[in-house]
Amino acid sequence: MQKRVEIGLVACFVNDGIIYQKKDMLRILSDLLFVRYEQYDSSGLKKSGEGRVFRVYNNTTNSSVLMNGRIYLNVNSFEYLQIHTDPNTNTSYFELFTPDFSIRIYPLDAEDKEVQWQMDTISDKDFFEGEQEED
């Protein structure tokens, strides 16, 4: 690893890894559409559900919200993201960590969804009025 730093190379992840940079977290999560999620704390599974990711952002004012099948993720709500690969399916899933809990996010194929989701009726501009995105 030290050699990579000395010659100016940045990290490369293949199927697994831990991401601390907010820009990298944004890039990874912004491709998600339909997901299944699970919230864990020290006692185990707390909540789970499915939903559509409407927005992934990076700012210091808006909360992350996973509710009623709608998901808005602020990468500033989390310390880091860990990428895992399920050995049974060879597919990746993501785990976002806070000091108190983690949220696992499992991508779902849009073609496999039985319910057709309609586009958001509240525009991002209205929902995030005054928001300033940060690097």
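Visitor: Before we start, when does a charge count as sitting over a ring?
Guide: When NZ of Lys or CZ of Arg is within 6 Å of the ring centre and within 35 degrees of the ring normal. Arg104 is a case here: it lies over the face of Tyr40, at 4.2 Å from the ring centre. Keep in mind that this is a predicted model.

Visitor: Noted. Which residue lies over the face of Phe54?
Guide: Arg70 does, at 4.4 Å from the ring centre.

Visitor: Let's step back. How many helices and strands are there in the protein?
Guide: Three helices and eight strands. From the N terminus on, the order is α-β-α-β-β-β-β-β-β-β-α.

Visitor: And what do the eight strands form?
Guide: An open sheet, with mixed pairing. The strand order is S1-S6-S7-S8-S2-S3-S5-S4.

Visitor: Which strands stand at the edges?
Guide: Strand S1 (17-19) and strand S4 (65-67). Each has a single partner strand, so one side of each is left without a neighbour in the sheet.

Visitor: How are neighbouring strands turned against each other?
Guide: By 35° on average, direction ignored.

Visitor: Take S1 then. Is its pairing with S6 parallel or antiparallel?
Guide: Antiparallel, over three bridges, with S6 covering residues 80-85. Gly17 has Ile83 of S6 as its bridge partner.

Visitor: How many bridges join S6 and S7?
Guide: Six, in the antiparallel sense. S7 spans residues 92-97. Leu81 has its bridge partner in S7, namely Leu96.

Visitor: What about the hairpin of S6 and S7? Which residue takes a positive phi there?
Guide: Asn90, with phi near 60°. The hairpin has six residues between the strands.

Visitor: Now S3 and S5. Parallel or antiparallel?
Guide: Parallel, over five bridges. S3 runs through residues 44-57 and S5 through residues 70-74. Arg52 has Arg70 in S5 as its bridge partner. Arg70 is also the residue over the face of Phe54.

Visitor: Switching to aromatics. How many aromatic pairs does the structure hold?
Guide: Four. One of them is Tyr20 with Tyr80, a tilted pair with 5.4 Å centre to centre and 45° between the planes.

Visitor: Where do Tyr20 and Tyr80 lie?
Guide: Tyr20 lies in the loop between S1 and helix H2 (22-29), and Tyr80 in strand S6. So the pair ties together parts that are 60 residues apart in sequence.

Visitor: Tyr20, buried or exposed?
Guide: Exposed, because its relative accessibility is 53% and the cut-off for exposed is over 50%.

Visitor: What about Phe54 and Tyr72? Why is that pair stacked?
Guide: The ring centres are 5.9 Å apart and the planes stand at 25°. Planes under 30 degrees apart count as stacked. Phe54 lies in strand S3 and Tyr72 in strand S5, so the pair ties together parts that are 18 residues apart in sequence.

Visitor: Are Phe54 and Tyr72 buried or exposed?
Guide: Both are buried.

Visitor: Which residues do ring pairs link into a cluster?
Guide: Tyr20, Tyr80 and Phe97.

Visitor: Whole protein now. What share of the residues is buried?
Guide: 35% of the 135 residues.

Visitor: And the accessible surface, what does it come to?
Guide: About 9,200 Å². Carbon and sulfur atoms account for 48% of that surface.

Visitor: Last one. Among contacts between residues at least 6 apart in sequence, what share joins residues at least 24 apart?
Guide: 51%.

Notes: Residues numbered from 1 in each chain as written. Predicted model: local features only at pLDDT ≥ 70, side-chain atom pairs only at ≥ 80, totals over all residues. Heavy atoms only, no water. Pairing = 2+ DSSP bridges. Helix = DSSP H or I, 4+ residues; strand = E, 2+ residues; numbered from the N terminus. Axes fitted to C-alpha atoms, helices over the stretch in contact; angles between N-to-C directions. Buried < 20%, exposed > 50% of the residue type's maximum accessible area, 1.4 Å probe, protein only. Contact = heavy atoms within 4.5 Å. Areas by Shrake-Rupley, 256 points an atom, 1.4 Å probe, with all protein chains shown as cover. Phe/Tyr/Trp six-rings, centres within 6.5 Å; stacked < 30°, edge-to-face > 60°.
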